Amino acid sequence: MSEIPSISLDELPPLKFVAHGETEDKREANLLAVQPSPGYPHAVFLLADAITKRADLILMDFTAGGVGVRYQVDGTWYNMPAIPRDQGDYMLASLKQLAGVDYRERRKRQTGQLTADYLKYKHKCRLTSQGIPAGERVVVEISRKRPSLETLEEIGMRAEMRTRLLAAINEPGGLVLFSALPGDGLSTTWRAALQSADRYMRDFFTLQEKSRQEPEVVNVGGATWDASAGETMQSALRSLLLREPNALAFTQLDSGKTLDEMTSLASQKHITIVTRIHARHAAEAVARAIILKPNVKEFARALRVVVCQRVLRRLCPACRQPFQPNPALITQLGLPPARVPVLYRQYQPSADQMVDSRGNPVEIPPCPRCGGPGFLERTALFEFLEVDDRFRKVMVESPSVQALTDAATQSGHFSMRDEGIVLVARGETSIEELQRVLKK
């Protein structure tokens, strides 16, 4: 190996590691053992840089040619400068020892934990390494401090939409269907909706498979079943009904039989049913439920509201750039030109800013608020469909995605694109970000 550049500890960012260990003495001993290593300073720089840039994940691919590094920030991957292989090996050995795993093992899967104390917050980090054909892959998950996402308002749902949704959830009987693509925040919205419901005057319960439970919601009871032990949802449901619930939240919609159980409870016992399914938009969510082959007439009769969502990045308010949009673009977006004089986009330095007076390239310091990407955290983009008789008729007679979409549009339904354009007009996100998300 080539010589690793020496870095004085005085030059390091003020990041302090807390090493793995069962006692304070063991943690201190592990830290002291690592600090003299030539890889320790580089480990400090890596974690400090990732935390400054608000990364949730660090991905490192070790190959013969070097170490590829990527950060995931606000759900998007960014390529970072590669690290020389010898420097990366020493750095990884330090991280592994801090995390309490064998730094000499490069093939088997290993998982450990450490803590990085930086920027007034203790960031718990989970390190996972696994040998791959090209070398080794390492993922560091950083549990950083994030904005609260406990309520529908905090995750971005408009006030009018919140009022209509909670009216549907709090009214006896009927079925409310939530949907999203995997990884688009469905669990967060699910919990926020339950927390916003009238669960103090009405008895709310969840029904979940034991291995896939959601975090508990205050004053919402629950029952579980263990599929690995041969238990079924139906047996758990029977015992739960003895408690006379007003509302039941099913985390799984996996068959037409399950959906028929739900619609029967809604129509015959006037129990409000809340459930969910993966889909790209509201019409597709309904079509996917119908593919499960329930009694479609009963499903159509019970269905009251469909909520679908995507997650998109917010423009950083400190560095977003205003621009005057082309009138044709405003017309295409369906916005009133007089009310939307400017739109916003992520920060892009001009050609003049990128060179000095002599024409030499200069390094532009990153935005201190967002760390450089031009976006700061994420928000949810919601589509809210209230089911009417026109839509129910199409559900029964010709439930294709296109036919359901057309029926919703004819009833004045706002599509996810329409809702996204509102966020663009408010300067909360960019046109490019909205297009990226809608392409999923």
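Q: How many salt bridges does the count come to?
A: The count comes to 32 salt bridges. The rule asks for a side-chain nitrogen of Lys or Arg within 4 Å of a carboxyl oxygen of Asp or Glu. This is a predicted model: local features need pLDDT of at least 70, side-chain atom pairs count only at pLDDT 80 or more, and totals for chains, interfaces and linings use all residues. Side-chain values use heavy atoms, without hydrogens or water, and residues are numbered from 1 along each chain as its sequence is written.

Q: Which residue does Glu-377 form a salt bridge with?
A: Arg-144, with the closest N and O atoms 3.1 Å apart. Glu-377 lies in strand β16 and Arg-144 in the loop between β7 (135-143) and α4 (159-170), so the pair ties together parts 233 residues apart in sequence. Strands here are DSSP runs of E, at least two residues; helices are runs of H or I, at least four; both are numbered from the N terminus.

Q: Is Arg-144 buried or exposed?
A: Buried, at 8% relative accessible area. Buried means under 20%, exposed over 50%, partly exposed in between (1.4 Å probe, protein chains only). Glu-377 is buried as well, at 17%.

Q: What about Arg-436 and Glu-433, how far apart are N and O?
A: 2.8 Å, in a salt bridge. Both residues lie in helix α14 (431-438), three residues apart, about one turn. Arg-436 is partly exposed at 32%, whereas Glu-433 is buried at 1%.

Q: Which residues do shared partners join into one network?
A: Arg-54, Asp-56, Asp-74, Arg-144 and Glu-377, through their salt bridges.
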